Amino acid sequence: MEEGTENEADVTSEEVMSETTDTPVEEQNEGAQEENSESVELSEEQIKINELEKELENLKKENAELNDKYLRSVADFQNLRKRSIQEKQDAYDYANTNLLKDLLDSLDNFDRTVEAAATATDAKTIADGVTMINKSMVSMLENKYNLVSYGLVGEAFDPDIHEAIGKVDEPVPSPVLKAVYLKGYKLKDRVIRHAKVMVSMPDGSVKEEPNAENEESNADK
């Protein structure tokens with residue numbers, strides 16, 4: 001009975017040794033591998049986190065730079081707009097500066113004429129002075145500013161440039177200017193003031209003579 005008991009005790013001891021030595025080693029190896037794997041995963045995640053943090057910092061810097069450039073552009077645009085408005089206003093306010101400077105000589109001559117008229121005994125001298133000033137002013141306006149007057153008695157009436165304020169039937173072949181009450185003016189080719197005129201209208205007693213162009217046209221037909 002005792003021997004059997006000892007054998008059973010020996011077997012039990014080996015089993016115990018097997019259970020306490022072999023199995024725990026495998027489990028320890030597996031645990032170590034899991035710990036190493038988790039450590040690697042954590043390291044990779046940390047690297048990604050660091051990269052993302054760097055990228056975020058770079059994006060923040062780029063955003064700050066772009067925002068600064070935007071604010072500078074807005075400020076430059078506002079300043080440019082203000083200067084443009086001011087320049088336009090100045091151009092409007094002082095557009096006639098050159099013309100007025102050129103008219104100053106004529107104004108000075110008129111002042112001298114008025115002063116001379118106060119003590120003049122010869123009216124013709126005053127009239128000649130005024131005529132001279134008028135010619136000088138007209139010449140300046142025509143030559144330097146392309147301002148041309150028009151409207152003379154006997155000219156053909158043109159409703160595009162003449163304003164008829166009266167008419168009278170007369171023996172004329174076509175409408176002509178009988179009287180000019182107010183001269184018209186053109187700036188280059190544009191009418192800036194229509195001439196106010198009296199018009200002589202055909203009364204039917206005189207036939208209009210065909211012009212050379214009409215005669216050639218009829219001959220071709």
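This is a predicted model: local features need pLDDT of at least 70, side-chain atom pairs count only at pLDDT 80 or more; totals for chains, interfaces and linings use all residues.
**Confidence, core and selected side-chain contacts**

The protein chain averages a pLDDT of 82, and 75% of the residues score at least 70. Residues are numbered from 1 along each chain as its sequence is written, and side-chain values use heavy atoms, with hydrogens and water left out. Local features need pLDDT of at least 70 and side-chain atom pairs count only at pLDDT 80 or more, whereas totals for chains, interfaces and linings use all residues.

The largest nonpolar core consists of 6 residues, namely Y150, I161, L177, A195, V197 and V199; such a core is a set of buried Ala, Val, Leu, Ile, Met, Phe, Trp, Tyr and Cys residues joined through side-chain atoms within 4.5 Å, buried meaning under 20% relative accessible area with a 1.4 Å probe, protein chains only. Strand 6 (residues 195-202) supplies the largest share of this core, 3 residues, strands being DSSP runs of E, at least two residues long and numbered from the N terminus. Apart from residues up to four places away in sequence, A195 touches Y150, I161, H162, E163, L182, K183 and G184. Over the face of Y150 lies K186, at 5.5 Å from the ring centre, where the criterion is NZ of Lys or CZ of Arg within 6 Å of the ring centre and within 35 degrees of the ring normal.

Elsewhere, D102 is in contact with M140, K144 and Y145, its neighbours within four places in sequence being left aside.

Conventions:
Buried means under 20% relative accessible area, exposed over 50%, partly exposed in between (1.4 Å probe, protein chains only). Helices (H or I, at least four residues) and strands (E, at least two) are DSSP runs, numbered from the N terminus. Contact means heavy atoms within 4.5 Å. pLDDT is the predictor's confidence in each residue, from 0 to 100.
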